[in-house]
Each structure stands twice: as structure tokens, then as C-alpha cells.
Amino acid sequence: MMEWNNFIFKKKALALKNPVDISIGKEIFKTNLTNIAAVAKINKVNVILGMQAACFKKAKGLSYIKKEDFYAYNNIIKEVAQEQNLAVVDCFKALGENPEYFLDLVHYTEYGVDKLSDAFYDKIRELYPDVPIQKNNFAKRAFQENHLRR
């Protein structure tokens, strides 16, 4: 654990001293996402894009990722969805910055995953109301089981 923390601190310190220009990465990301959408359309695969959620409260100052850069990538996802006429789920909106849904800045707890599955379920139901799918409800069951044991 100590090695990992040292790695994060070094990486953050390096990023603060030498800010990264993400403009090239953003262009590559947008191109890649657009290409994935094109390949999916050619193969008649319906795509639902998901924006990245984050809990900057959970980062506790360890994140070397700037909030504005994070939002820039989510905006690219929205742009590509709009340009390619794709559905999109705003995972950031679905989870907010609720620490119960995050292990760290961007990795989800079981409750976070369940909450996201609800958001994707709702989008699928909106787009394909006749598709027979069921909600997972893992988090609700886990919460109830946990409280019943007490």
C-alpha cells in the first residue's frame, strides 16, 4: 500500500509541476469513440454511451486529474453521442458525488454499480420498451440483508 501511495504522490507532484496538455488526448479520444460508433452502426449494433462519474471528495487531494479536464472528456462523450445520434447515460448525474457509490475517484462500490445499472436499465427501457429485461436490485437486496443481520 505504501508503494502505491508513493506512486500517486509522485505522479500528482509531477502533474502539478508539469501540467499535461490534454488537447491531443481529447482529439484521439473523440476520434476513437467516433470510430467505435461507426463500426457498431455498420454491424447494426445499438450503442449507449456512458459518461464517466467521479467523486472528487473521495480523491482527498490525491488526484492529479483536474476537474475541468475530466468534464472535457465527458463533454466529448456528449458531443459524439449527439453527432452520431447515440443514446447516452449521464453516469455523473446518476451517482452525483455520493461517497457511498465510490471506492476512490472513479471506481465504484457495489452500490455504485447497482445505481449505474438502474440508470442504464432506465435508458434501455426508454429506447426499447418491449425488450424483456429485469432490474438487478443488488444494492437494495444487500442493504436489506445487511440490516436484517443487525
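1. Accessible areas here come from the Shrake-Rupley method with a 1.4 Å probe. On that basis, the protein exposes about 10,500 Å², and carbon and sulfur atoms supply 57% of this area. The model is a predicted one, and the points below should be read with that in mind.

2. Overall make-up. The secondary structure comes to 7 helices and 2 strands. Read from the N terminus, the order of elements is α-α-β-α-α-β-α-α-α. Of the 150 residues in the protein, 29% are buried. Taking contacts between residues at least 6 apart in sequence, 70% join residues at least 24 apart.

3. Main core. The largest nonpolar core has 11 residues. Its members are Leu33, Ala37, Ala40, Val47, Leu49, Met51, Ile76, Ile77, Val80, Ala81 and Leu86. Helix H2 (23–42) and helix H4 (67–83) each supply at least two residues of this core. The most comes from H4, which gives 4 residues. In soluble globular proteins, nonpolar side chains tend to be buried together.

4. Second core. A separate core of 9 residues is also present. Among its members are Ala53, Val89, Leu95 and Ala119.

5. Leu33. This residue belongs to the largest nonpolar core and is one of the buried residues of H2. Once neighbours within four places in sequence are set aside, Leu33 is in contact with Leu49, Ile77 and Val80.

6. Geometry of H2. The helix has 20 residues. From its first C-alpha to its last, H2 reaches 29 Å, close to the 28 Å expected at 1.5 Å a residue.

7. Which residues of H2 are buried? They include Leu33, Ala37 and Ala40. These residues cover an arc of only 65° around the axis, so they lie on the same side of H2. On the other side of the helix, Ile24, Glu27 and Ile42 are exposed. Ile24 and Ile42 may deserve a look in the model, being exposed on that other side.

8. Cover over H2. What covers the buried residues of H2? The cover includes strand E1 (48–50) and H4.

9. End of H2. Just after this helix, Lys44 takes a positive phi of about 55°.

Note on methods:
Residues are numbered from 1 along each chain as its sequence is written. This is a predicted model: local features need pLDDT of at least 70, side-chain atom pairs count only at pLDDT 80 or more; totals for chains, interfaces and linings use all residues. Side-chain values use heavy atoms; hydrogens and water are left out. A nonpolar core is a set of buried Ala, Val, Leu, Ile, Met, Phe, Trp, Tyr and Cys residues joined through side-chain atoms within 4.5 Å. Buried means under 20% relative accessible area, exposed over 50%, partly exposed in between (1.4 Å probe, protein chains only). Contact means heavy atoms within 4.5 Å. The expected span of a helix is 1.5 Å times one less than its number of residues. The arc is that of the directions from the helix axis to the C-beta atoms.
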